[in-house]
Every structure is written in structure tokens, then in C-alpha cells.
Amino acid sequence: MQAAARSLPETLVQRLLAASPPKGAGFIVTIYGDVVEPRGGVLWMGNLIEACAAVGISESLVRTAVSRLVAAGQLEGERVGRRSFYRLTAEARAEFAYAASILYEPHDASQWRLIYLGGNDPDATMRRLKRLGYAALNPRLAIGPDGAPELTDDALVWDASVVQGGAAMRQFATEYWDFQSYADAFSAFIERFSPVQEIAASVEPAMALTLRLLLVHQYRGIALRAPRLPVQALPSDWAGHEARRLFATLYLALSRPAERFIANHFIDGDGALPEAGQTVRQRSLQLRQMQ
């Protein structure tokens, strides 16, 4: 009976959550990257609790996740009266900027980037690079797209362009990246989110924000790990291209009502979050190029 009484947007949200239920810390990272970072980086804890409740994450799980993000050096807290606010640390803002460049910019890699990891313990950095779409040529040498997160000073980074034998690029890439697993993930994303196109233009502001956050969260989980290689290195039917177009289309369609909800409900220590500025306008322009 309850399921039959749900609206279409509510039904779609429940299907998205059933297919890929978000975890507290990861979803909070999505909220900060999509909503908070472009508006100064500070948010009231109450807004986090409300946004997470919409996707089934309880207040206790939110508080636990925030504590872990503080311990990990990604968030830092402050109190204003009886309210708690959390801001991104400088280190976290640098990582968020890298993630935003992948999600919101119409950029196809044109060159390769090689990274040699010096120091005594390269394993942790290599694992991080693999999570960002790089491949390990050996325990210290990684190869990937022509863009990289900030690395420690003992990392040697250089760009490499193809001088000869471009026709073999796809064969080379196939040996080092598991394209099929990423293609399957992108295809599942397309199947899950395609129905949102039917309702995106008419959804209520609160629901629009929830859908946009789920869109970003699930796309981010694939796009940050998938190889962003030169087009010649990717399979000819690469599902990532269609997934990126769908992401851009839905993000833009949901943004007007979602932004209205943010402006009316989200606050930092000084009051309402700052208006969407140049960063958000630029993001919209770039997404239109991706459609």
C-alpha cells in the first residue's frame, strides 16, 4: 500500500537507493563537493542531517561520519551559538577541485601522464592513483590521463605524447585497464537514471536536490575511478560517453529547482549560503558542452 501511494519521483529515489545505497561519509563528501565547496565550504550540521535523511542515512550515522571526516583531516568544525558548522580543510579543497574537473568539465585527455613514486613507501599513493583511474606499470610507475591530483614532493611527474604507433594505443590500454568492468558500471548508471528524464523538468525543489545529489554521488563513484584516456585508447563503443551526456543533461535539468531549495534552506555561520557565483555559472556552461 505504501509503495502504491508514492509519487513517481519518490519511487525513482527508492529504486536508486535500492540499487546503490549511499554510505554516510561518501554521501557527505558528495554534498560538500556539489553544494558547499562552490559557496564557501561551510555548512550547518542540521543541513547535513536533513540532506542525508532524504536518502535514508540516520542522524547518528551522519554524526559518526562527520567525526571520521574530521579525524581524516577533510573537515574541521566550529560552533556559532548552539549550532555546529563544518568547513572543508585546505587539503580537502584541493582534492575536491580535482574531482570537480573530472565531473563538470568537458575534458577528454589528449596526452598520457607518467608518475614515478619516490620515497620509501609508494603503496598508499599508488592505491590512491588507481582509485583515480591510473594503472600501475610497476610498483613505482603509474600511467594515466593528462591531469593528476596534488602529490608529495618525492613524486616525479611528466607528460608523454604519442610519437609513433597510435594504432596500437587501444591494445596497450586494454592490457592495463579492465574496461569491461567500467563499461558495465556506466551502463548500469544509464539504466538507473534514464527514467529521471521524464520528471526532471517538473520535480519539486527538495526532491530535485535529492535526485541531483544521488546523480552526482553515483556518477562520481564511477567517473573518478574510470580511465579518462585519450579517445584513441578507449573502446569504440565506450559507454562512458553516453553516461557523461546523461549526467550533464540531468544535472542541468534538476539544478534550477535544486538551487532554489539550497538558497532557501542551507546556511553557514553567517546565515544563508552565499549565492551561486562564478564557479556554479561556469559549471553550468561546461555541462552544456557535454550534452
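Which residues in α10 do Ile102, Leu103 and Tyr104 in α6 meet?

Guide: This is a predicted model, and what follows describes that model. Ile102, Leu103 and Tyr104 in α6 meet Val216, Tyr219, Arg220 and Ala223 in α10. Helix α6 covers residues 90-104 and helix α10 covers residues 205-223. The axes of these two helices lie 10 Å apart, and the helices pack at an angle of about 100°. Angles from 65 to 115 degrees count as roughly perpendicular, so α6 and α10 are roughly perpendicular to each other.

The UniProt record, an unreviewed entry, places the feature "domain: Transcriptional repressor PaaX-like N-terminal" at residues 26-91. Strand β2 (residues 75-80) pairs with strand β3 (residues 83-88) in the antiparallel sense, over six bridges. One of the residues in this pairing is arginine 79, whose bridge partner in β3 is serine 84. β2 and β3 form a hairpin with two residues between them. In the turn, glycine 81 has a positive phi of about 65°.

Now the open sheet. Four strands make it up, in the order β5-β6-β4-β7, and their pairing is antiparallel. β5 (135-138) and β7 (155-160) each have a single partner strand, so they stand at the edges and one side of each is left without a neighbour in the sheet. On average, neighbouring strands of this sheet are turned by 25° against each other, direction ignored. β5 pairs with strand β6 (residues 141-145) in the antiparallel sense over three bridges. Alanine 136 stands opposite alanine 142 in β6.

Two helices pack on this sheet. Helix α7 (residues 123-131) touches β4, β5 and β6, and its direction makes about 160° with that of β4. Helix α8 (residues 169-176) also touches β4, β5 and β6, and its direction makes about 90° with that of β5.

Arginine 113 lies in strand β4 (residues 112-117). Buried means under 20% relative accessible area; arginine 113 has 18% relative accessibility and therefore counts as buried. The side chain of arginine 113 makes a polar contact of 2.8 Å with the side chain of aspartate 159.

Terms used
Residues numbered from 1 in each chain as written. Predicted model: local features only at pLDDT ≥ 70, side-chain atom pairs only at ≥ 80, totals over all residues. Heavy atoms only, no water. Buried < 20%, exposed > 50% of the residue type's maximum accessible area, 1.4 Å probe, protein only. Polar contact = N/O pair within 3.5 Å; in protein donor to acceptor, adjacent residues only side chain to side chain. Pairing = 2+ DSSP bridges. Axes fitted to C-alpha atoms, helices over the stretch in contact; angles between N-to-C directions. Contact = heavy atoms within 4.5 Å. UniProt positions renumbered as here; feature names shortened; annotations may be inferred. Parallel < 35°, antiparallel > 145°, perpendicular 65-115°, else oblique.
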